[in-house]
Amino acid sequence: MSQEELAERASLSARAISDLERGVKRTPRRDTVQLLVEALELSGDARTAFVTAAREPAARRTPKQAGRLQVAVEGAPMHPHSSIPPAAIQTTPAPPPAGGFLGAVPEGSLIGREAEFSAILAGIEAVIQGSGQLLVVVGEPGVGKTRISQEATLACRDRGFVVATGRCYEPHQSVPYYPFLEALSSLYGAAPDPVRAQVPTRWPHLMRLLPDQPSGALPATGASPQEEQQRLFWAVTGFLQAISETAPVALLLDDLHWADDASLELLQHLARHTRAHRVLLLGTYRDVEVGRQHRLGSALRDLERERLVERIPVRRLGHEGTVRLIADRMGQDLSDEFTELVYRHTDGHPLFVQEVLRTLIERGDVYRRDGHWESREIADIGVPESVRATIADRASRLSERAQGALREASVLGQAFDFEDLQAIAGLSEDELEAALEEALAAGLVYESGDRYVFNHALTQQALYAELSKRRRSRLHLAAGKRLNGWRSPSGGDGRRSWRGTSGREAPPGGRFATPSSPVTTPRRCTPPRMPRGTTGRRWNWRGRSTTGTARRASSRSSAGLCG
Ligand SMILES: Nc1ncnc2c1ncn2[C@@H]1O[C@H](COP(=O)(O)OP(=O)(O)O)[C@@H](O)[C@H]1O
Ligand SMILES: [Mg+2]
């Protein structure tokens, strides 16, 4: 069947089919998949296989799945999105662990971090020997906490661990157990069958935190909320301990500075009661966010007193590390002059280095000639002064519509749903798809399950800062209405299941209302925090022309991310 015939039969545009075939299409929406299934007259196993393959984000499709999709629509091989010319940022994606993986598949090798990673490996070895560990990776935003933790997930996977991850998001700080909802969902999916079968009888309280479980299964006991909470803690602990009898367990919780209080208490409980089990607890947090009053600060101080936690600080890369990071991203060494320029401006801040490279490529300051990267005259290259300015500069190269959609998405938090964005942005499905495809291609967002995620919290915050106060209020209001509208039809106790998942792959940042908490909407933007050494500089345009957005960014004070 030709593309045109299929498009006509499925009532889709020929472009949509062509994008899908070439793999440049984002994971197709459910209704699109449905239309294709009908048009292709698939049934039985073929239908199931096709739907599964189509809903798997392109970057995560197995060759077999990609093949199914490809055979079905008779197209060219799938390839994941790439925001940078193929040779620019080398991709060495290792297959993610079964239980979970933090964030997007990394774009290149882990640079430096030998001492920090040795400390993590020592922790992993200790766990294998039967001594449970709590490690916390700490540092400023964008310095590489998630990146080194991703490497830890791979190290754990290679050593036969069951790996589960959970992320905290700023808008979900008041949702009880938010990061555990995701992590326990993966653990439940990855648990050995006999352990999983015991959940309803041995750890019934655990079911409160699991997707697709009948929450009414627990009889009312008349216990106090504190007693109920203890039962829940012991249920989670017992479940982890039981899995660890068959294989070591790694539980990774990212961005704990945004964890809700209940999660921090549960983490403390686990740290205290898995010491004699093969359980690795690994968390990350931003030290700049955790003052003396912060709940995480006091929890860590308690754990430190009890010698139950090891902190692993992550700092900026030095000159040599920065040179290596640039070489890794570009796939070749660049001139000393160029690397010096990047180092001088970024001070070895990895996210900043990466975004500056992308900016310079997008602007044509760095370009390919005869299969090699070259740069313009160093004196002619203007480097943005901060991560925020770099992101603003990069976003300004997208179409107006894509820029608008991304700014609107920033109100929904770091992770957002297509439908929620569509509801507040007022764009048609096609328009929004096109806008998001641009953002995906630019690497400003990535897909995770059914959701979109900004490539970094700083990206979301930088775009949020671009919104006027009035527009922010209007969008927050629309988002609030949308999310409340989404929740109310559920009835019952307000619990929602992870949508469209088998329980193995809970969507990071997926919305989940627990009995005591409504679905939350973003309330505020993080107070201004710029990476050290990146504030106070002016754009160094040296007469280069820039777009309006970049100029606006340049003239604004760089003191913070949130204007
Ligand atoms: N040591 C490193 N080697 C290679 N890339 C890194 C390193 N540290 C950070 N990065 C990259 O920089 C970006 C920001 O890192 P990330 O881990 O998200 O920061 P954080 O979690 O501290 O905010 C990511 O794209 C990450 O892959
Ligand atoms: Mg991170």
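Q: Let's start with the five-strand sheet: what's the strand order, and is the pairing parallel or antiparallel?
A: This is a predicted model, and in it the five strands line up as β2-β3-β4-β1-β5. The pairing is parallel, and the sheet is open.

Q: Which strands sit at the edges there?
A: β2 (162–167) and β5 (310–313), each of which pairs on one side only.

Q: And how much twist, on average, from one strand to the next?
A: The average is 20 degrees.

Q: How many bridges hold β1 and β5 together?
A: Four, in the parallel sense, with β1 covering residues 133–138. If you want a spot to look at, find Val137, which stands opposite Ile312 in β5.

Q: Which strands does helix α10 touch when it packs on that sheet?
A: α10 (residues 225–246) touches β2, β3 (249–254) and β4 (279–285). The helix direction makes about 135 degrees with that of β3.

Q: What about α11, which strands does that one touch?
A: α11 (residues 261–273) packs on the sheet too, touching β1, β3 and β4. Its direction makes about 145 degrees with that of β4.

Q: OK, switching to the ligand. Which residues come nearest to ligand 1?
A: Gly144, Lys145, Thr146, Arg147 and Pro350, out of 19 residues around ligand 1.

Q: Which helices supply at least two residues of that shell?
A: α7 (145–158) and α15 (350–363) each do.

Q: And which domains does the shell draw at least three residues from?
A: Domain 2 (114–313) and domain 3 (319–383), with at least three residues from each.

Q: How many of the shell residues are nonpolar, polar and charged?
A: Eight are nonpolar, eight are polar and three are charged.

Q: New topic: what's the strand order in the three-stranded sheet?
A: β8-β10-β9, again an open sheet, but here the pairing is antiparallel. The edge strands are β8 (415–417) and β9 (445–448). On average, neighbouring strands are turned by 35 degrees against each other, direction ignored.

Q: How many bridges join β9 to β10?
A: Four bridges join β9 to β10 (residues 451–454), and the two run antiparallel. Within that pair, Glu447 stands opposite Tyr452 in β10.

Q: Which strands does α18 touch on that sheet?
A: α18 (residues 418–425) touches β8 and β10. The direction of α18 makes about 75 degrees with that of β8.

Q: Last one: how many residues lie between β6 and β7 in their hairpin?
A: Two. In the turn, Asp370 has a positive phi of about 50 degrees.

Q: And how do those two strands pair, parallel or antiparallel?
A: Antiparallel, over four bridges, with β6 at residues 366–369 and β7 at residues 372–375. Check Val366 there: it stands opposite Ser375 in β7.

Technical notes:
Residues are numbered from 1 along each chain as its sequence is written. Chains are lettered from A and ligands numbered from 1 in the order in which they are written. This is a predicted model: local features need pLDDT of at least 70, side-chain atom pairs count only at pLDDT 80 or more; totals for chains, interfaces and linings use all residues. A residue is near a molecule or strand if its C-beta atom, placed from the backbone, lies within 6 Å of it. Ala, Val, Leu, Ile, Met, Phe, Trp, Tyr, Cys and Pro count as nonpolar, Asp, Glu, Lys and Arg as charged, and the others, Gly among them, as polar. Domain bounds come from an automatic or database domain assignment. Two strands pair if DSSP finds at least two bridges between them. Axes are lines fitted to C-alpha atoms, for helices over the stretch in contact, and angles run from 0 to 180 degrees between N-to-C directions. Two residues are in contact if their C-beta atoms, placed from the backbone, lie within 7 Å.
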